[in-house]
Amino acid sequence: MEEIEKTLLAGLEELEKASSSREIIEVKNRYLAKKGPFAALYKELGKLSGNEKAAFGKAINEARGELSEKLEKKLLAALSKEENERLLKEKIDISLPGTSLEEGHTNPFYLILDEIVDIFVSMGYDVVEGEDVETVDYNFTLLNIPSEHPSRDPSDTFYLPKDGVLRTQTSAAQGRVMQAKGGKGAIKVISPGKCYRRDEDDLTHSHQFGQVEGLVVDKGVSLAELKGTLEIFAKKMFGEKREIRFRSSYFPFTEPSVEVDVSCANCGGKGCSMCKGTGWIEILGAGEVHPNVLRMNGYDPSVYSGFAFGVGIDRVAILRYGIDDIRRIYANDKRFLSAFKEE
Ligand code: PHE
C-alpha cells in the first residue's frame, strides 16, 4: 500500500512541475504506459490472494485513476492556453504599413487598339468580332484569293486539321459579315483581332500581330470616301503634322488597291533604319471591295459597292511610341510595359 501511495505522490509531483502540454504528455506516457510504475504494481497482484488481492487491486485502480484524471485536466488547460497564446501572437496589426503592390500597365498594343476602335466608332462604325481559328474559305477563297496564291503556302500559313487555319488577316471577317446580312443592306463595321503568319520574328516581323479590318458596303460607295475616311483616321491617330501617302498596290480582294504610308516618326521623313531609309512606314492596306468578293458573299456588285481596309495595330504602336523592335510588344517585359501609362 505504501508503494502505491508513493507512486501516486511521485506522479502528482512530476505533474505539478510539468507546465507545457509537451511536458504533461511526457509524464502521462511515463506513468500510465504499459511498462510504467502502475503496470509494475499490477504485476505484484499475482503474489497475493483473496481479500488482500481485491483491496490492493482497488487501491492501484484508484491511485492510477486519480493521476490520470489530473493529468487530463491539466493537459486540456495547457492546450487551450497554448492555443490562445498562438492566436494572440498571430493577431494582425492593421495599423502596420502594407507592402506596396506593383502597378500593372496596359500593353501598348491594347492602348492603340482602343484608340483605333474609338476613332472608327466615332465615325459611326460598328465593331464585330471575327474568329482566330478560321476556315480556308473565309481566310482565302471567299476573298478571291486563287488556290495557287503564295499566301496560302503552308510555309506562310498555320494550317489546322479539317480545313482550318489561324487567320492570316482580319479580312477573313468580310465574308462572315456580308453573309450574315444575306446580301442586303448597308454595312459599316470594323473587326479587330490577332492574325498569325509563319514569319521569322525579327525587328519588324512577328508571327502574331494585330489588325483592324474595316468594311463599308452600300449603294454607291466610292474610293473618294475611302480616302477621306483614312485621312481622318491618320490625322486623329498621328496628329496633323504627320503626312500620309497613298500608293497603288494589289490585293486579290480589292480593286483598285492602295497601301497607305505615314511619314516615319523616328526620323521625321528623312530616312532611318526604322523606315529602311524611305522616310515612310506602311500602316495599312485598302481598296474597293472586289466585285467577286461581293458576289461570292451574296451581294450584287451591280447594285452594291464598298471599300475595305486593314490597319496594322503593331505598326501603329511602333510609330506612335517609337518602339524599336516589334518583339517587345509580345515579350511582356515589365520594364518595357511600365513605360506605358493609361491617360
Ligand atoms: N488583309 C490585308 C493584309 O493583311 C490588308 C487589307 C485589308 C487590304 C482590307 C485591303 C483591304 O495585308
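The talk below sets terms against their definitions.

Mentor: Ground rules. This is a predicted model, where local features need pLDDT of at least 70, side-chain atom pairs count only at pLDDT 80 or more, and totals for chains, interfaces and linings use all residues. Residues are numbered from 1 along each chain as its sequence is written, and side-chain values use heavy atoms, with hydrogens and water left out.

Trainee: What makes β5 and β6 a pair?

Mentor: Strands are DSSP runs of E, at least two residues, numbered from the N terminus. Two of them pair if DSSP finds at least two bridges between them. Ten bridges join β5 (residues 187-196) to β6, so they pair, antiparallel.

Trainee: What makes β3 and β4 a pair?

Mentor: They share two bridges, so they meet the cut-off of at least two. Y159 has V165 in β4 as its bridge partner.

Trainee: Why are β2 and β3 called edges?

Mentor: The open sheet runs β2-β4-β3, with antiparallel pairing. β2 (133-135) and β3 (159-160) each have a single partner strand, so one side of each lacks a neighbour in the sheet.

Trainee: Why is β6 called mostly covered?

Mentor: Buried means under 20% relative accessible area, exposed over 50%, partly exposed in between (1.4 Å probe, protein chains only). In β6 (residues 208-218), nine of the eleven residues are buried. Helix α10 (residues 313-321) also has buried residues, including I313 and L319.

Terms used. Helices (H or I, at least four residues) and strands (E, at least two) are DSSP runs, numbered from the N terminus.
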